[in-house]
Amino acid sequence: MTQNEPIVVMKGITIEFPGVKALDGVDLRLYPGEVHALMGENGAGKSTMIKALTGVYKIDAGSITVEGKPQTFNGTGDAQNAGIATVYQEVNLCTNLSIGENVMLGHEVRGPLGINWKKTHQEARKYLDQMGLGHLDPHAPLNSISIAMQQLVAIARAMVIDAKVLILDEPTSSLDANEVQDLFAIMRKVRDSGVAILFVSHFLDQIYEITDRLTILRNGQFIKEVMTKDTPRNELISMMIGKSAEELSQIGAKKERRAIGADEKPIVSVKGLGRKGSIQPTDLDIYAGEVVGFAGLLGSGRTELGRLLYGADKPETGTYKLNGNQVSINDPHTALKHRIAYSTENRRDEGIIGDLTVRENILIALQAIRGMFKPIPKKEADEIVDKYMKELNVRPADPNKLIKNLSGGNQQKVLIARWLATHPELLILDEPTRGIDIGAKAEIQQAVLDLAEQGMGVVFISSELEEVVRLSDNIEVLKDRRKIAELENDATVSQETIVDTIASNNAGKEA
Amino acid sequence: MAGHNTKKDAGNPILKRLLSSNLTWSVVALIVLIVICTIFDHGFLSLSWNENTGGLAGPLITMLQESARYLMIATGMTLVISTSGIDLSVGSVMAVAGAAAMQFLVSGLNVWLAILLSLLVGLVLGCINGALVSMLGLQPFITTLIMMLAGRGLAKVITAGQNTDAGSVAGSEPLRWMANGFILGIPANFVIAIIIVCLVGLLCRKTAMGMMIESVGINQEASRMTGIKPKKILFLVYAVSGLLAAIAGLFATASVMRVDVVKTGQDLEMYAILAVVIGGTSLLGGKFSLSGSAIGAVLIAMIRKTIITLGIDSAATPAFFAVVVIVICVMQAPKIHSLSAEIKRKRALKSEAKAVTA
Amino acid sequence: MKNWKRAIALVASGAALLSFAACGNGGNAEGGDDSKPTIGFVAVGPEGGFRTANENDLQDAFKKAGFDLIYSPTQNNDQQKQIQAFNKFVNDEVDAIVLSSTEDSGWDESLKKAKEAEIPVFTVDRDVDVTDPEAASAIVSHIGPSNEWAGEQAADFVNENFPDGANGFILEGPAGLSVVKDRQTGWDNAINDNVTVLESQSANWSTDEAKTVTAGLLDKHKSENPQFIFAQNDEMGLGAAQAVEEAGLKGQVKIITIDGTEAALQALVDGDLSFVIEYNPIFGEQTATAVKDYLDGKTVESDIVIDSQTFDAASAKEALDAGTRAY
């Protein structure tokens, strides 16, 4: 790439919180016209580094230079004035304003009578066109477009304010494949205009697709700065988690399929289970000790089927048999009483109860089954919390921390602990590995295999086909809110098999 | 140097926790008001034995007597606010329950039956709030605002628009004692109120009720997904709030054995909300502190007592009230704490820099 | 049981009034009997003994005098609602408006409209404060007992009982009301120099608050030997009496109140209160007569003061035994 001067040089950045050094002498250089990724596991210091660069945290030691000028950021405003723009995971735009107004916010075109809205929207259209977003109507309200599109609008906005550095903190975590490609197209445009992009993502494929340069952090320390194209994946991963490549390769092997015996009875057997607008009537059997993968694109109905099995949405059709007995599961409380648990894909809104402690978050579902006025005895509660926190390796190992202060991966572990504490026969895990780092991901995958080994039925829902293929015994393939195939996941099945199954099925369109 | 540092580190966390606790600032405010009153009126702290009533007498005692009703409504309000709701009807429910009690007594009902029935009336009104909020999913603000207006009307209907006076009804002593009597010299209504607050506290913390209420207040959908039934919880808190408001209504009316359909409980929903906020429960819901609200309730009574003691002009009393509450809230604001921490840090840095140069 | 019947009757009459008002909305212009003049009554609504007695009496009297009276109460002393009702009466072109206002100011615009529409306005009980001469000219007459007179009576009682002077308190109504001002003015005009008011505090017309306030004042001024409490209404006086009793000072502190409700008279008989000045709510007949006279073209006095009585324990017993009290 261009070997000109870096726009931003951060040198020896140290940030201390009471009791911990979050960053210890970290360096970072951002070059114009490059996409630069910050790599590291959760807790490595990526977010802290970004917060130092955006002025959220004050640095305790080190220096920040922007375009050769030393800077002291006393707040986000200072960083913005220096030309550093940020697009967060949760889009920070005004959803009730129009797209154009959001793009131009603070830079509206003024006329003699105040803001000239017509010209403002024209100007907005110009910027949107530049970004390849010409198909968006600047007059439409922002909340009329998808979250993914909103993110792109946020990036367009960064261009209006003439940013030199654009920070994208996990922009892809909630996007599907097409949306990621739209995002990358815009990132390339922005990059080619000479802006330095700082990018954070947990998806290695994306890192290799879009970035030019990497800075690797581990435990708040600077490990290395490398060019992406010169760094093989296994080398990158071992730098991130500090383990050798050989140790890692063990996690990746595909599990051997467990065949269902002829005399085995399913734990759950549903016939024609469905709900209008959610999923068409579906038949499904789940056996003890079996991992059933739900594969399909976003909106295929994979989550909806999981929610119906749990009663999170009320089924409208079909029969539900549990160990041979007819039941009706219409709400989560009933499902849990029947020892069915569901871990949501939407961890923040439907999973964690942020202001409660880790301990309370683990115990709450078990408590809900037992009833409000039958508190779990302290001794039993301590044992449960202690056992699952150890088994799932929750970090920090302090049950009295508020769950909202834990990293995504550890929140996920706590949620799994919550469901395990209810001793489910069937555990439905919806995207349990989304948005969490590689180490925690491997731990959760291992936990899934162990649980099935112990005789639990597990439904594993994921948008990453690779892990579905690796962990499942049987795979239900869904498309357009219908189940289209059931694959016995033996050695012949691979990601391509599933992709082909989805691509070759046109039944949904005919219907 | 090192020794000095460790000592400082050991002492700081406790002090820091104390300083950032809402409870501490409420207690400080309480003490400050008492000190101000004592400076103004030297007899403020004096206690004497009143043969007439069989209890202690003195300014502090009347303050505690008044605080009983605030304790009741603040406790109910705490639970409601914790579910990120609000109950604007507590003042009106007080009037309805009080009106019912007085009217029952005048119409010759047995005093215990009158007490029981008027508590039932409060409970029913609370249940109506709860049903509308939980089952129909109406906004708590609107639902309880309607109940606030309807309740006033209901109180007037019950007494036919009169301020019913049960002062001369024979056999009403138990109710009169509830508001005016003494237990071991301490006002009976205060003792009853504290016992009820403790009971509610025990119920919340020794069972899973408190955790579930908080859970619903923090994230209703996530709570549903854990198997909690949020509708049940919402219904429960409004019902409890109605019942406690009825008790407060009995305290307020039995104190003079007379209901004032317009004035009884007027504006008290605001006092209850203030007590809860001063006590450290966020209006956004979630974690709640009953002890905080209880101190908040006593503090409200103390502010009113201060107004009387200082003889503040009646036109200026709302302003005085507002100023005191604002000062307390400002002292509790996390921004103020980080500000003072920042000043300390800067000072420390400066002295360190001086030490280095020297 | 009697009370429940009363409650039911009130609900029924309330419903009847509502339907009556609803009829009035659409059809009082043509539907009303031509021989029956229509009167709009902008009222306060039930808020206590005095108000209820007063408004019931007015309604009865107007009915008896052959008028069609449209009763429009407000709620919780909301003046805005009263103004709306007033303006509606002007638009409907009623023959006269009777105004019992919650607040003394803020009526100028509405009164001007009434003047333009040539609708005579009669203020009852509370007088209104108007600066605009045109607005003032819309008011034909004010009918009601005198608040200043009541305040003077209270002062006279204290003067008589404590010729050598005394210390005491005043319990005021809410700040800013004309009643409060007038009762205070009457007191100030008549009270002797050797009488000291240690402190005046508002107890918001409320029994319950008056008890708390009085208890506080008694604690604070124990050493100054307070001998009287002038409560500006009965409700507060009853609260003060309870605080006095609890402090063991019953009989030593004389309590004077204004209004003359049944409860106060009973308290007077029981010795809890010492002197009650009536604020006579029964002037429906006088009001109806004044309106009738004006509409018939006779001249009407601009200020009709309604006579009130004063009570001590003996006369209170008489009045109660006679059973003729309307409130």
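The following questions and answers go through some features of a predicted model.

Student: Which residues of chain C gather in a patch of negative charge on the surface?
Tutor: A patch of this kind takes residues with over 30% relative accessible area and no salt bridge. Asp and Glu count as negative. The residues that gather in this surface patch are C:Asp127, C:Asp129, C:Glu301 and C:Asp303.

Student: Is C:Glu301 buried or exposed?
Tutor: C:Glu301 lies in the loop between α11 (284-295) and β11 (303-306) of chain C. The relative accessible area of C:Glu301 is 59%. Exposed means over 50%, so C:Glu301 is exposed.

Student: Where does UniProt place the feature "domain: ABC transporter" in chain A?
Tutor: The feature comes from an unreviewed UniProt entry. One of the ranges it gives has 38% helix and 23% strand, with end C-alpha atoms 30 Å apart, and this range is 262-505 of chain A. The record places the feature at residues 8-244 and 262-505.

Student: What is the phi of A:His423, and is the residue buried or partly exposed?
Tutor: A:His423 is found in the loop between α15 and β19 (426-430) of chain A. Its relative accessibility is 48%; buried means under 20% and exposed over 50%, so A:His423 counts as partly exposed. Although A:His423 is not a glycine, its phi is positive, at about 50°.

Student: Where in chain B is B:Ser84, which has a positive phi?
Tutor: B:Ser84 is not a glycine, yet its phi is about 60°. At 38% relative accessibility, B:Ser84 counts as partly exposed. Its place is the loop between α3 (59-82) and α4 (90-106) of chain B.

Student: Where does UniProt place the feature "transmembrane region" in chain B?
Tutor: This feature, too, is taken from an unreviewed UniProt entry. The ranges in the record are residues 23-49, 70-99, 111-134, 141-161, 181-204, 233-256 and 268-286 of chain B.

Student: How far apart are the end C-alpha atoms over residues 70-99 of chain B?
Tutor: UniProt lists residues 70-99 among the ranges of the feature "transmembrane region". Over this range the chain is 77% helix and 0% strand. The end C-alpha atoms are 18 Å apart.

Student: And what is that distance over residues 141-161 of chain B?
Tutor: Here the chain is 86% helix and 0% strand. The end C-alpha atoms of this range are apart by 27 Å.

How values were computed:
Residues are numbered from 1 along each chain as its sequence is written. Chains are lettered from A and ligands numbered from 1 in the order in which they are written. This is a predicted model: local features need pLDDT of at least 70, side-chain atom pairs count only at pLDDT 80 or more; totals for chains, interfaces and linings use all residues. Side-chain values use heavy atoms; hydrogens and water are left out. Patches are made of residues with over 30% relative accessible area and no salt bridge: like charges are joined within 9 Å, nonpolar side chains (Val, Leu, Ile, Met, Phe, Trp, Tyr) within 5 Å. Accessible areas come from the Shrake-Rupley method with a 1.4 Å probe; for residues, only the protein chains shown count as cover. A salt bridge is a side-chain nitrogen of Lys or Arg within 4 Å of a carboxyl oxygen of Asp or Glu. The place of a charge is taken as NZ of Lys, CZ of Arg, CG of Asp or CD of Glu. Helices (H or I, at least four residues) and strands (E, at least two) are DSSP runs, numbered from the N terminus. Buried means under 20% relative accessible area, exposed over 50%, partly exposed in between (1.4 Å probe, protein chains only). UniProt positions are given in the numbering used here, feature names are shortened, and annotations may be inferred rather than shown by experiment.
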